[in-house]
Amino acid sequence: MTASAPIAPVNAQADSGRTLGRRRRSAPGGQNRRPGFIVYGCLAAVVVGGMFPLWWSFLIGSHHSTILSQTSFPWWPGGNFLVNAATVMDTIPFWRATMNSIIVSTTTAFSVVFFSTLAGYAFAKLRFRGSGPLLVFVIATMAVPTQLGVVPLYQVMAALGWTGDLVAVIVPALVTAFGVFWMTQYLRQAIPDELIEAATVDGCSMIRTFYHVCLPAARPAASMLFLFTFVLNWTNFFWPFIVLGPQNPTLPVALQQLQAAHFVDYSLVLTGATLATVPLLILFVFAGRQLVSGIMQGAVKA
């Protein structure tokens, strides 16, 4: 009997602790409070606002060209989308332009992620003379407008004989100052210096340390950078329009041919815009879960 006497106070203390924990979790302003109606309403408004341009393009593309001149505008799709899509594919080199955009966007995205991670690791964790001013110079190049370098860049591509080829679009975009800055800022906080010192003590070379320590930690930021770069190059129109010819265009340049005539059929133009958005939606559907899991994993490690 003497051995079982302290059980009641211990149980009472545990019950009071659980009750206090529930009170803390349910207290106003607590960190574990569930989102309310306002949060869900704002998120729904953002989703609707982001999806409305795509819905509008699909809506116009599913009707005839006279839909915009009608007084009573229908808010439901018609049955003319497949016909307009077939017309778009017959009018422009759609599949060739799509393949060109996939090649350009994928190649540049992988290249930007690779070189930016290397440069970001060097700027963030390696100590060498002039690293600070060199990083400032790289960041300062972001303030220079792209249009200022178009003429000398085109002259270089013409001298190399690359005009009209996809290599003229890929090579200038192999690495970006934004990617270097992005990875530098992330790796500076994500990788402790003690972890690199421990890898060095264990006999890892610089390349092995980069491969085994830096790359796993850089996965969340690298995934975001890959998507940003892919979308940026997929929608890029200015430089491919200048350096590529009409026989070898990317998708935005090919879609521009739909409105080159005196009469612009907006149903065809918006049908082409909808078709050009479908690969991006597929990419986000398949890569979204890995992207979110990578971001959450990096947040937990941080």
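**View 1. A search through the whole structure turns up 1 salt bridge**. Here a salt bridge is a side-chain nitrogen of Lys or Arg within 4 Å of a carboxyl oxygen of Asp or Glu. The partners are Lys 125 and Asp 193, whose side chains meet at 3.0 Å, N to O. Lys 125 belongs to helix 4 (residues 94–125) and Asp 193 to helix 9 (residues 193–201), so the pair ties together parts that sit 68 residues apart in sequence. Lys 125 is buried, with a relative accessible area of 12%, while Asp 193 is partly exposed at 35% (buried is under 20% relative accessible area, exposed over 50%, partly exposed in between, with a 1.4 Å probe and protein chains only). Keep in mind that this is a predicted model, where local features need pLDDT of at least 70, side-chain atom pairs count only at pLDDT 80 or more, and totals for chains, interfaces and linings use all residues. Residues are numbered from 1 along each chain as its sequence is written, and side-chain values use heavy atoms, with hydrogens and water left out.

**View 2. The protein chain is built from 14 helices and 0 strands**. Read from the N terminus, the elements go α-α-α-α-α-α-α-α-α-α-α-α-α-α. Helices (H or I, at least four residues) and strands (E, at least two) are DSSP runs, numbered from the N terminus. The chain has 302 residues, and 32% of them count as buried.

**View 3. The largest pocket holds about 910 Å³ of space**. A pocket is an open set of points on a 1 Å grid over the protein atoms alone, where a 1.4 Å probe fits, with protein on both sides within 12 Å along at least five of seven lines; lining residues have an atom within 4 Å of a point. Its volume is the space filled by probe spheres set on the points, which are joined across faces, edges and corners. There are 26 lining residues, and those closest to the centre of the largest pocket are Thr 146, Pro 172, Ala 173, Thr 176 and Leu 232. Helix 6 (150–160), helix 8 (177–190), helix 11 (219–234) and helix 12 (238–243) each put at least two residues into the lining, and helix 11 gives the most, with 5. By type, the lining splits into 19 nonpolar, 7 polar and no charged residues (Ala, Val, Leu, Ile, Met, Phe, Trp, Tyr, Cys and Pro are nonpolar, Asp, Glu, Lys and Arg charged, and the others, Gly among them, polar).

**View 4. Tyr 154, Phe 237, Phe 238, Phe 241 and Ile 242 make up a nonpolar patch on the surface**. Together these residues show about 410 Å² of accessible area, a Shrake-Rupley value with a 1.4 Å probe in which only the protein chains shown count as cover for residues. To join a patch, a residue needs over 30% relative accessible area and no salt bridge, and nonpolar side chains (Val, Leu, Ile, Met, Phe, Trp, Tyr) are linked within 5 Å. Helix 12 gives the most to the patch, with 3 residues. Phe 241 sits in helix 12 and is partly exposed, at 40% relative accessible area. Tyr 154 comes from helix 6 and is partly exposed too, at 34%. Between Tyr 154 and Trp 239 the C-alpha atoms are 9.2 Å apart, though 85 residues separate the two in sequence.

View 5. Met 142 lies in the loop between helix 5 (131–140) and helix 6, and is partly exposed at 41% relative accessibility. Gln 185 is in helix 8, partly exposed at 36%.

Terms used:
Patches are made of residues with over 30% relative accessible area and no salt bridge: like charges are joined within 9 Å, nonpolar side chains (Val, Leu, Ile, Met, Phe, Trp, Tyr) within 5 Å.
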